[in-house]
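Let us learn to read a few features of a protein model. Look at the structure first, then follow the dialogue.

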Amino acid sequence: MKKMAVLSWVVICAVALFLAGPVRGQDFQRDLEGTVGKARVQMELTKIGQSLEGSYYYEKYGTPIKVKGQMIKSKVRLKEEKGAIFEGDLANDGSFQGTWASRDKKRSLPVTLKVALDTVAFTIYSKDWTRQGKSKLIEKCEFERLYLHPTGYGDNKNLEKIRGTVWKIFFGDRNLAAAKGDPRKAIDLESKEFRAECLQAEKDGAGSDHMETTKKMSTVFNQDSILTIKNESWEYMGGTRGTPDTSYTVINLEKGAALLLKDIFKDGYDTYLGTIVTKKLKEELAQIDKKAKSLKDAGYTKFKENSLNDPYFYITSDGIGFFYNAYALGPAGPLGAVSETDIFVPFKEIEKERLRPESVVYKLAYGKK
């Protein structure tokens, strides 16, 4: 779903603002493919509660069309931006059977969709709460989690491996044994642990006005045997500032394991890609701060030129991005502002011979070897 790859994480981040209460186990994110009449279409759909939101496009044209609606039991009703309506039934396996009707109801076409075999389908597990403090020192404690649990991929041959990799990205090792692979239990464990910390802080007379922990997972790319996941967290437990963190993980769906740069590129990639990143960073800096004579002058004191400097990376249909958290490259970014740094390199700017031909990324960028 090349046109839809980035839309899914936008939708999830938007709907996450409305989540509240207990862990939801029936919410989902799916990529669908099929036909409207005789035309081939692809659709990304996210369900939160009874609300549905997403986009679809006709493969012939590739222009995304936003849709919103509701799902009550298995009954689905989606409305396009310009008023056309999808109606039908969504089965447990993700398949959709129904109709598409034009805004004026003069045209009606049959619709058949199924989960795309080259994408991972997810169930969304989420929980958030706010506890008002019982003391004057701590006004409130806030907790939020949004986890994407893989529920299907192709013939499901690698599903358990994919689940294990995604689980470790979000939960790490500490909840693996206690939760026994159950996202509800893992989220509940983290919720209880944080609530206990808040109560203890109140008891100890902590000097912070509030405590907060947030962690959200989203998809950046999900097709062609590649899954790129973004993990965002925020923690404030007192002090002068909170701790933000963003990370990316790229998963080879053919193996169910995380991809490393050495799996994608041949030896010498650090210097080769580092030179490209350095050049792009300097070009970006020249537009922001014309007075800075070097990257170090601009605050990138930890940046070693012509080296990648150990970034997170992500893959999309168009290329590879290198991401550095705030402070990763120095105490401050351009103009003294503490900021994240994101440098994107299109595949067309990378020499084909630098990639390993057996890599799934090579196949994505250049087709089969």
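This is a predicted model: local features need pLDDT of at least 70, side-chain atom pairs count only at pLDDT 80 or more; totals for chains, interfaces and linings use all residues.

**Reading strands, charges and a glycine**

Q: How many residues of strand S10 are buried?
A: Strand S10 holds residues 140-153 and is mostly covered. Of its 14 residues, 11 are buried.

Q: Where does Arg 30 lie?
A: Arg 30 is in strand S1, residues 27-36.

Q: How far from Arg 30 is the nearest side chain of opposite charge?
A: A salt bridge needs a side-chain nitrogen of Lys or Arg within 4 Å of a carboxyl oxygen of Asp or Glu. For Arg 30, the nearest side chain of opposite charge is Asp 93, 6.9 Å away. Arg 30 is buried yet has no salt bridge.

Q: Which residues does Arg 30 touch, not counting those up to four places away in sequence?
A: Its contacts beyond that range include Met 43, Glu 44, Leu 45 and Val 115.

Q: Why is Gly 299 called buried?
A: Buried means under 20% relative accessible area. Gly 299 has 12%, so it is buried. Gly 299 lies in the loop between helix H6 (269-288) and strand S15 (312-315).

Q: What separates the C-alpha atoms of Gly 299 and Tyr 327?
A: These atoms are 9.5 Å apart, while the two residues are 28 residues apart along the chain.

Key: Residues are numbered from 1 along each chain as its sequence is written. Side-chain values use heavy atoms; hydrogens and water are left out. Buried means under 20% relative accessible area, exposed over 50%, partly exposed in between (1.4 Å probe, protein chains only). Helices (H or I, at least four residues) and strands (E, at least two) are DSSP runs, numbered from the N terminus. Lys and Arg count as positive and Asp and Glu as negative; His and the chain ends are not counted. Contact means heavy atoms within 4.5 Å.
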